[in-house]
Amino acid sequence: MMLHKRFLGILVGLVAVATAFGQGAFSFKINEVVVSNTNGLVDEYGERSGWIEVANTSWGTNNIRSCYLTTDRRALDKGLSVPERVKMMSLIPKGDPRTNLPAQQRIVFFADGQTNLGTLHTNFTLKEGEENFIALFDGNGKTLLDSVTVPPLAENQSYARLYDAETEEYVWRALNAEEVTPGAPNMGQGKVEDKVAEWKEKDPYGIAMSVIAMGVVFVALIALYVFFRLFGYVVVVLSKMTRVRAIRAIHDQASKAAVMAKQGMDTKGVDMKVYMAVIGMALHDYEEDVHDVESNVLTYHTDEHSEWNAKGYTMREWPE
Amino acid sequence: MEIFDFIGTKLADFLTYTGFANAEVGNWVMILVGAFFLWLAIKKDFEPLLLIPIGLGIILGNIPFKAVGLEIGLYEDNSVLNFFYSGVKNGWYPPLVFLGIGAMTDFSALIANPKLLLVGAAAQFGIFGAYMIALAMGFEPNQAAGIAIIGGADGPTAIFLSSKLSPNLMGAIAVCAYSYMALVPVIQPPLMRLLTTKKERLIRMKPAREVSQTEKIIFPIVGLLMTTFIVPSGLPLLGMLFFGNLLKESTKTTRLAKTAGSALNDTIVMLLGLTVGCSTQASEFLTWDTIKIFMLGALAFIIATASGVLFVKFFNLFLPKSKKINPLIGNAGVSAVPMAARISQNLGLEYDSKNYLLMHAMGPNVAGVIGSAVAAGVLLGFLS
């Protein structure tokens with residue numbers, strides 16, 4: 001019962017963990033920021049302001065509703081309660097289908113301090129010519145999903161998260177106005193299209209692909225081969241041992257039955273000749289004091305419970 | 001008189017909607033192709049389960065109509081056929097077919113003689129041989145991969161991969177893959193005879209040992225873990241294959257295994273065959289690319305069969321006389337289950353009426369299914 005409860009606890013824990021990760025909030029990354037926007041993206045009202053682009057980096061649809069954006073570093077203070085922290089943040093409202101981001105898509109929030117203008121507007125603004133800290137928090141107001149410190153930028157410059165093909169990592173870099181891409185992949189993020197082009201350029205005859213892919217196919221099937229070769233060997237050995245044991249058991253039973261048929265039921269199947277020989281040998285060992293000295297010690301062996309191996313028969317009685 | 005004018009106008013209008021008014025030469029050609037497939041299936045008994053749905057699908061997909069938003073065509077949003085086609089387009093029919101294959105397949109021959117796995121691996125050379133030739137013919141790497149997978153002789157895998165990598169060629173690739181699978185009895189025997197000596201064809205293999213139920217249960221679990229850890233991109237196919245097999249071998253879910261292997265599989269095969277056939281509309285299908293794909297598909301099949309047979313011959317160099325493998329089972333490394341294994345059996349019996357190779361050939365045959373799914377996973381991982 002205790003075991004069942006523990007198992008149930010583990011199961012519930014696993015489900016909870018799976019659910020937490022299943023929400024995919026950690027897939028959201030701050031992707032590009034413009035602090036001073038004088039000549040770029042306009043909002044639904046034709047106004048320009050600094051903006052923050054958030055990307056869904058996963059390959060599934062995730063909703064960013066109920067998450068928080070903030071520029072206040074104090075929100076990182078774990079000593080503060082959730083309501084205190086939330087006061088320093090800008091809530092991304094529910095009920096707007098635009099917050100439901102398909103795989104690898106982006107959403108732009110206008111940092112104009114006017115949340116009354118709609119879902120895509122924050123309650124804070126970005127400070128021009130200064131360093132800006134920006135953080136994205138999960139809906140619980142506690143879990144930091146992503147943060148970035150934007151250095152002072154020139155007008156219409158952006159600070160963008162870029163894929164560095166050499167290090168194969170994402171790095172932040174300031175981009176000039178003509179390179180700014182609100183709502184679209186930043187430079188180097190269109191890796192998917194590049195994959196085919198890279199293979200075409202580097203492997204025009206398909207030799208590398210064939211060698212690698214055939215190698216992988218062989219490795220996978222050789223791994224299976226090795227496992228089932230060894231496993232099959234173990235199974236064969238075990239089945240042989242089981243068969244030998246069964247044959248021995250049958251043989252023992254047959255011997256006992258033969259002895260009982262010949263010498264009566266009282267013998268319980270123990271051949272009197274063997275019985276006498278073993279007693280004689282034991283007496284001989286005892287008399288000659290050769291037990292444990294001679295290498296060729298004769299031992300009567302049986303797998304069955306009998307007088308010969310029963311513990312009770314080997315113990316001395318308590319003195320009267 | 002006005003009523004007659006009205007009737008006349010409407011009748012003339014109706015006539016513009018008929019197939020006769022909208023038919024082009026391409027439609028008639030494709031209808032003839034569909035009829036030929038039906039003839040092969042019904043008269044010649046060439047894989048009727050595949051060719052009848054595909055053949056009728058070709059005819060259905062080439063019935064001409066006036067494109068005025070009637071929502072009846074395969075490629076028209078909200079049409080019934082378009083709804084059925086979503087399983088092909090989005091690649092969810094193939095994993096369901098794999099579920100059925102897993103639930104119907106007995107991996108005993110492979111478990112008893114695991115070295116046959118290597119024959120299944122070797123036959124995948126067909127895929128990559130065709131990949132190189134397709135690149136040389138000017139196809140893009142993603143298109144070449146979609147075409148080359150025909151060499152795996154595995155229709156569902158071909159559809160799955162082409163739907164992901166080269167959706168514009170998927171109709172041609174799918175029809176080509178299934179056509180050649182149906183033509184296995186025509187393509188493989190001459191090659192097998194060409195590449196083997198009479199002495200080799202007479203090799204008798206020892207009967208496989210009996211496989212315990214525990215081994216049968218462990219196989220899908222270990223198989224799933226080992227293959228998908230190496231190639232996670234093959235997860236949809238391999239996962240469903242081994243899941244289906246576990247349903248069968250666990251002996252506790254017989255009802256589910258039966259459904260997966262019969263009713264569910266039959267339903268999916270019907271819809272898959274029909275919609276794949278439908279996707280061959282003349283305007284999409286009658287192109288030079290289709291001809292190239294059929295040529296490449298044939299080459300892929302030839303290379304796969306040859307590499308399976310030659311690999312067994314090579315393997316035999318290292319095996320003791322008592323454990324030699326009959327190279328006639330090498331062709332079964334392509335994953336056309338169980339057609340390729342049946343070819344081995346028939347050819348073996350042709351040369352020795354007591355040499356039953358079917359169970360031995362099933363080993364490389366099911367290994368080929370795993371091998372082609374792994375190969376598809378690798379291609380998908382690199383090119384998607």
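**Figure 1. Contacts within chain A that link residues separated along the sequence.** In this predicted model, 57% of the contacts in chain A between residues at least 6 apart in sequence join residues that are at least 24 apart. Chain A contains six helices together with 11 strands, and of its 320 residues 22% are buried.

**Figure 2. Helix α4 of chain A and the residue that follows.** Just after α4(A) comes A:Gly264, whose phi is positive, at about 100°.

**Figure 3. The contact between chain A and chain B.** Chain A contributes 26 residues to this contact, while chain B contributes 34 residues. On the side of chain A that touches chain B, α3 (191–202) and α4 (207–263) each supply at least two residues, and the largest share, 19 residues, comes from α4(A). Sorted by kind, the residues on this side of chain A comprise 20 nonpolar, three polar and three charged.

**Figure 4. Helix α1 of chain B.** This helix covers residues 2–17 of chain B, and its 16 residues reach 23 Å from the first C-alpha to the last, which is close to the 22 Å expected at 1.5 Å a residue. Helix α1(B) is hardly covered, since the count of buried residues among its 16 residues is zero.

Terms used. Residues are numbered from 1 along each chain as its sequence is written. Chains are lettered from A and ligands numbered from 1 in the order in which they are written. This is a predicted model: local features need pLDDT of at least 70, side-chain atom pairs count only at pLDDT 80 or more; totals for chains, interfaces and linings use all residues. Two residues are in contact if their C-beta atoms, placed from the backbone, lie within 7 Å. Helices (H or I, at least four residues) and strands (E, at least two) are DSSP runs, numbered from the N terminus. Ala, Val, Leu, Ile, Met, Phe, Trp, Tyr, Cys and Pro count as nonpolar, Asp, Glu, Lys and Arg as charged, and the others, Gly among them, as polar. The expected span of a helix is 1.5 Å times one less than its number of residues. A residue is buried if 20 or more other C-beta atoms lie within 10 Å of its own, exposed if 12 or fewer, and partly exposed in between; C-beta atoms are placed from the backbone.
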